Amino acid sequence: SRGEVRLSITDVDAFYGRIQALRGVSLDVCRGEIVTLLGSNGAGKSTTLKTISGLVRTSRGDIQLEGQSIKRLAAHQIARRGVVHVPEGRRILRGLSVRENLELGAFTVRDGALRGRRLAEVYALFPILHERRHQDASLLSGGQQQMLAMGRALMHGPSVMLLDEPSMGLAPKLVTEIMRIIRRLNEAGTTILLVEQNARLALRLAHYAYVIENGAIRLQGEAARLREDASVVKAYLGLA
Ligand code: ATP
């Protein structure tokens, strides 16, 4: 039993021109969960997150937050509803300081005092960002840039975070640190949909998992069960 559904994707298709990237994808993220979406390169993981956050439009199917369709909302409206996307590749803004990057993240927050509190929370979670707050963000290491990307998303006060491969390109020690922070955010009440190529890692963190292949969900289940499933181990965890 997974509790109350917070975000649901039902029978969603997505196209890039004539290329079909998603074929009837359905998945649920329940309140308080970390759900992971696993799959190989080009399987449709990033596209799934982009359809949720409004960056890619879906023709068929629906996307609902707390039972209300968000499928036709603009990306900034979806962010205002508390669904925040941390894209692959971090997208930090060069030429701006770490602090300016964080403040730009809070464009949905009009209340200045609230922005200040959020900034303090982000600095508490990522002390290195506080230390480097006046530096140009492009001088941060890869791991620090990932922290900045997550910090910027947190400035919105998200209730749902969509994380696209937060471990990519990071040294093992930083991967552990990022995973610890994801767990902490989840324990503090944030619902998380985590896209990962590192299935072993993601299944340790997540409560529930979906496997996508060629634009379609092939498999789903409790993360603990998939970790033990020999066919999953062979197909998806063999090389991880
Ligand atoms: P990766 O781990 O490599 O990022 P992914 O599982 O996130 O892979 P997607 O990026 O969602 O996969 O891509 C799904 C399919 O859509 C792939 O066939 C990909 O080539 C195609 N695709 C993705 N973005 C575009 C685009 N902007 N234009 C055309 N095709 C695209």
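1. A salt bridge is a side-chain nitrogen of Lys or Arg within 4 Å of a carboxyl oxygen of Asp or Glu. By that criterion, Arg60 and Asp13 are joined through their side chains, with N and O 2.9 Å apart. Arg60 belongs to the loop between α1 and β4 and Asp13 to strand β1, so this pair ties together parts that are 47 residues apart in sequence. Helices (H or I, at least four residues) and strands (E, at least two) are DSSP runs, numbered from the N terminus.

2. On the basis of the work: this is a predicted model, in which local features need pLDDT of at least 70 and side-chain atom pairs count only at pLDDT 80 or more, while totals for chains, interfaces and linings use all residues. Residues are numbered from 1 along each chain as its sequence is written, and side-chain values use heavy atoms, with hydrogens and water left out.

3. Arg60 also forms a salt bridge with Asp11, at 3.0 Å from N to O. Asp11 lies in strand β1 (residues 5–16) and Arg60 in the loop between α1 and β4 (62–65), so the contact links parts 49 residues apart in sequence.

4. Asp13 is buried at 8%. Asp11, at 32%, is partly exposed, and Arg60 is partly exposed at 41%.

5. The structure holds 10 salt bridges. One of them pairs Arg180 with Glu177, the closest N and O atoms being 3.0 Å apart. Both residues lie in helix α7 (residues 172–187), 3 residues apart, which separates them by about one helical turn. Arg180 is partly exposed at 41%, and Glu177 is partly exposed at 25%. Elsewhere, salt bridges with shared partners join Glu4, Arg6, Arg31 and Glu66 into one network.

6. The ligand is surrounded by 13 residues, a residue being counted if one of its heavy atoms lies within 4 Å. The closest are Gly42, Gly44, Lys45, Ser46 and Thr47. Helix α1 (residues 45–53) gives the most to this shell, with 3 residues.

7. For Thr47, a side-chain N or O atom is 2.5 Å from a ligand oxygen. A backbone N or O atom of Ser46 lies 2.7 Å from an oxygen of the ligand, and the corresponding distance for a backbone N or O atom of Ala43 is 3.1 Å.

Terms used. A polar contact is a pair of N or O atoms within 3.5 Å; within protein, one must be able to donate a hydrogen and the other to accept it, and residues adjacent in sequence count only if both atoms are side-chain atoms. Buried means under 20% relative accessible area, exposed over 50%, partly exposed in between (1.4 Å probe, protein chains only).
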